[in-house]
Amino acid sequence: MSLNYAFGFSLFLLVLVGLNIYFFYTLNTAGKQSPNFMIPSLKLDLTSNVFKDIYNYLNYLPSQYKVKNSKFLPVQKILLGSFNLSENINTASVWSETEKWSSQDSLFPYKNGTAGRILHAIQTSQIALVDNAPKGTQLKLLLLLEGKQKIYFKPKRYNLTHVINGNIYGGYDRHNSEVFAYYLAMVLNFRWIPPSVTRRVHLHKHIIPVATMGLKRTMVKNDSGSMCIYGKCFYCRINETVCPDSSGEIEGAAILFLDGQFKTHKSPWRRSYSSRKMEWEIDDDFCKKVKGSISTKRLLNLIDVSIFDFLIQNGDRHRYEVYKDQIILLDNGKGLGNPKVDVMDILAPLYQCCIISPSTWHNLELVSGGVLTDTIKLLSAVRERVLASEEHFKAVERRLLKVYATVQYCIGKHGRAKVFKNGYV
């Protein structure tokens, strides 16, 4: 009898332990997956307690952030209408409209098909002159189009599937990151970015006949006898050239030139570009010092930019330009480097200050569950080939979930009233 009792009690304990293990597993995996998303196992920097807390909130995100938000569909329809290609475009009128455009609402006109007309003009207008861009750290060309409109041209350096390892700011600029950033900004309603589109130019038909002598002096033949460009910039080297493909063309990002004087500021959250840690990397209360030196509006603007940069993993915004008291999203070429890496400290302005504009939060909530990248694909399909690998699109959606989790972390720590600085949502 005692043996039966002992056996029964042991069996009871085994069942109890099994139930506890199952309960613990369920508790710690709830919220990690949804029908549309899987949070993959990545190398995570959880040395910071902040990051640990954010990942805890990520595990238990409300289900609304993992399903497509149908409320965005009317917005998506309006965007598609503005980006669809218009026939019989008068290029001169397009440049005139952009030149005269002055608004507190956006850097360039974007409604009523104007965005599509601008991109079409940038992509197809005849090139009248090509020169080295006057300044910068990376190779780019300055193109003068018919109608005397200037654009920057950043040549393609990598294939879309190429992975940039190492530092978050490492490698050449990615031309597709510049273009992707424009569409991303339009979907998120960040209207302070110059229009950018992919363009292919034939070296011998479109560049050499109208190239300046300065540009021609930075052109050399490679071992195959093809003429290549190494350009003129801080990091330009004669042995690091851009060469045409088998069809004689060079692909690149064509970016509308901003012909104006902008105030440039150092970012409080800039990197040292060395092993030396910056103050924001070691001081959890760093935001208190920032608040004492800039306005709340500028701080909210910097937080918007940090979210934008985190989604594409641009860790190279050491300075920023301001126009009409708004930060302009320039130089977005360091994004889309490694789809398997999410450098969380790009979000430092958000998780250190724990405030966000209610309008920004509203826009972010609208594009949940795949809506963000679906819309980018729809908008860019009008005139692009493919902007990024599918891995990069998945990475952007994964990072969006982490932005949601970071805001939830802030709400849990400080309450909604403090987090939504300019009002309640």
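How many salt bridges does a search of the whole structure find? The search finds 20 (a salt bridge is a side-chain nitrogen of Lys or Arg within 4 Å of a carboxyl oxygen of Asp or Glu).

This is a predicted model: local features need pLDDT of at least 70, side-chain atom pairs count only at pLDDT 80 or more, and totals for chains, interfaces and linings use all residues. Residues are numbered from 1 along each chain as its sequence is written, and side-chain values use heavy atoms, leaving out hydrogens and water.

**View 1. Arginine 200 and glutamate 249 form a salt bridge.** Their closest N and O atoms are 2.9 Å apart. The pair links distant parts of the chain, 49 residues apart: strand E4 (residues 196–202) holds arginine 200, and strand E7 (residues 249–256) holds glutamate 249. Helices (H or I, at least four residues) and strands (E, at least two) are DSSP runs, numbered from the N terminus. Arginine 200 is partly exposed at 22% relative accessible area. Glutamate 249 is partly exposed too, at 23%. Buried means under 20% relative accessible area, exposed over 50%, partly exposed in between (1.4 Å probe, protein chains only).

**View 2. Arginine 298 meets aspartate 325 in a salt bridge.** The N to O distance is 2.9 Å. Arginine 298 sits in helix H11 (residues 296–312), and aspartate 325 lies 27 residues away in the loop between strand E9 (319–323) and strand E10 (326–328). Arginine 298 is buried, at 11%. Aspartate 325 is partly exposed, at 37%.

**View 3. Glutamate 390 and lysine 377 meet in a salt bridge.** N to O, the distance is 3.1 Å. Glutamate 390 belongs to helix H15 (residues 390–414), lysine 377 to helix H14 (residues 371–380).
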